[in-house]
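Open the model in your viewer and keep the selection tool at hand. The stops below are meant to be taken in order.

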Amino acid sequence: MTALYLPSLIRIGGGALNELPAALKQAGLSKPFIITDNFMAKTGLLGRVQTLLEKAGFQSGAFQDAVPDPTVTSVEAALTALKSQTYDCVIGLGGGSPIDTAKMVAVLAKHGGSPAQLKVPHVQDEVGLPIIAIPTTAGTGSEATRVTVITDEKTDEKMLCAGYAYLPHIAIVDYELTLTMPRRLTADTGIDALTHAIEAYVSKRASPFTDALALSAMKRIWHALPIACAEPSSKTAREQVMQGAFEAGMAFSNASVALVHGMSRPIGAHFHVAHGLSNAMLLPEITAWSVAGAQARYATCARVMGIAPSGMDDSAACAALVTALRERNHELDVPTPSTYGLEETRWNTLLPLMAEQALASGSPDNNPRIPTEEDIIALYQKVWA
């Protein structure tokens with residue numbers, strides 16, 4: 001038996017943002033609270049959304065101080081702002097960080113408690129306020145997932161919180177909102193989405209439903225991402241990457257992620273590397289280590305992405321996949337932890353703790369090849385070099 005979880009209402013395509021008022025009315029919602037960041041406010045997108053709502057007769061409030069890799073402190077500040085009036089839903093507007101902030105605020109607003117009390121292995125299925133996700137990047141898939149990640153700034157732990165309560169009720173997926181994304185952000189979030197697709201497909205929790213989404217996503221993203229990076233105004237490329245990111249989000253929300261994500265979160269928590277970038281740093285070498293556990297599946301990835309011809313045997317296809325992932329990182333200027341400027345002594349000192357935190361997240365248990373703490377330390381060392 002497979003249980004599937006998807007947003008109840010989805011508006012997808014160019015101009016989908018304009019359907020926000022209609023989607024709210026369809027869901028019986030009338031007073032949204034918007035959580036976003038300063039960049040969205042400065043670019044005018046927050047104002048555009050507020051005007052759109054006002055013209056449709058909606059009263060709304062806003063918090064525009066969401067931070068990258070959302071922290072407990074930022075969540076508490078947003079929650080305080082929401083409680084200043086009565087709102088019936090929460091809109092996350094921006095990249096994964098504002099959306100993740102909105103998810104946690106929506107749960108805490110109704111149930112109280114703290115992110116630390118809600119982290120895995122706790123599963124929060126009892127819903128809070130309805131969540132509306134409006135992504136402006138093509139990568140995190142947060143608009144389709146049952147997870148949020150909040151950083152405890154006192155311990156430098158990225159706390160994975162999971163359950164049905166974090167699944168957006170409404171997803172507005174408008175690729176036109178990504179047309180102004182800079183190259184670095186386009187590359188990092190795009191590889192993040194590719195990682196979601198590959199890990200969902202090779203996950204031990206994969207199903208025929210998630211397989212179809214994951215394969216479609218990786219095919220779209222692999223071909224369109226370099227074009228979106230080189231020609232940022234290409235609507236065709238942007239649409240393909242956005243569609244792929246959404247498909248990958250639905251796939252991994254139902255099949256889960258694996259070792260790359262398990263190892264990525266501690267890098268973000270301790271070194272404040274953006275989540276998509278840390279995934280990109282890890283993907284080629286973690287794939288190279290993992291292929292022995294699911295050679296046929298990784299070979300299928302290579303064939304679907306056009307990296308390996310249909311007649312190539314699995315072993316050769318897997319080798320081609322790893323080579324292509326390394327070359328794609330080089331093409332998109334993805335740095336290593338070393339070339340990114342992280343401190344080597346601190347990196348080496350933190351390896352045992354990062355390995356422990358990676359395993360504690362549970363994601364490595366879904367990997368085709370399950371690592372020990374020593375394996376993860378060795379992989380961190382290999383990725384550094």
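One salt bridge is counted between domain 1 and domain 2. To see it in this predicted model, select R346 and D156: they form the salt bridge, and their closest N and O atoms are 3.9 Å apart. The rule also finds five residue pairs in polar contact across the interface of the two domains, both residues of each pair being at pLDDT 80 or more.

Next, colour the side of domain 1 that touches domain 2. β1, β6 (147–152), β7 (157–162) and β8 each supply at least two of its residues. The largest share, three residues, comes from β7.

Now select the domains themselves, 9–178 for domain 1 and 183–384 for domain 2. Their C-alpha centres lie 25 Å apart. Domain 1 brings 27 residues to the contact and domain 2 brings 29 residues. About 2,300 Å² is buried between them, with 62% of that area given by carbon and sulfur atoms. On the domain 1 side, select D156, K158 and Y175: these lose the most area to domain 2, together 26% of what that side buries.

Then move to the sheet. Six strands form an open sheet with parallel pairing, in the order β1-β8-β5-β4-β2-β3. From one strand to the next, the twist averages 15 degrees.

Select β1 together with β8 (residues 170–173): the two pair in the parallel sense over four bridges. Within this pair, I12 stands opposite V173 in β8.

Last, select helix α5 (residues 96–111). Helix α5 packs on the sheet and touches β2 (32–35), β4 (89–94) and β5 (131–135). The direction of α5 makes about 165 degrees with that of β4.

Notes. Residues are numbered from 1 along each chain as its sequence is written. This is a predicted model: local features need pLDDT of at least 70, side-chain atom pairs count only at pLDDT 80 or more; totals for chains, interfaces and linings use all residues. Side-chain values use heavy atoms; hydrogens and water are left out. Two strands pair if DSSP finds at least two bridges between them. Axes are lines fitted to C-alpha atoms, for helices over the stretch in contact, and angles run from 0 to 180 degrees between N-to-C directions. Contact means heavy atoms within 4.5 Å. Domain bounds come from an automatic or database domain assignment. Buried area is the accessible area (1.4 Å probe) that two parts lose on being put together, summed over both. A salt bridge is a side-chain nitrogen of Lys or Arg within 4 Å of a carboxyl oxygen of Asp or Glu. A polar contact is a pair of N or O atoms within 3.5 Å; within protein, one must be able to donate a hydrogen and the other to accept it, and residues adjacent in sequence count only if both atoms are side-chain atoms.
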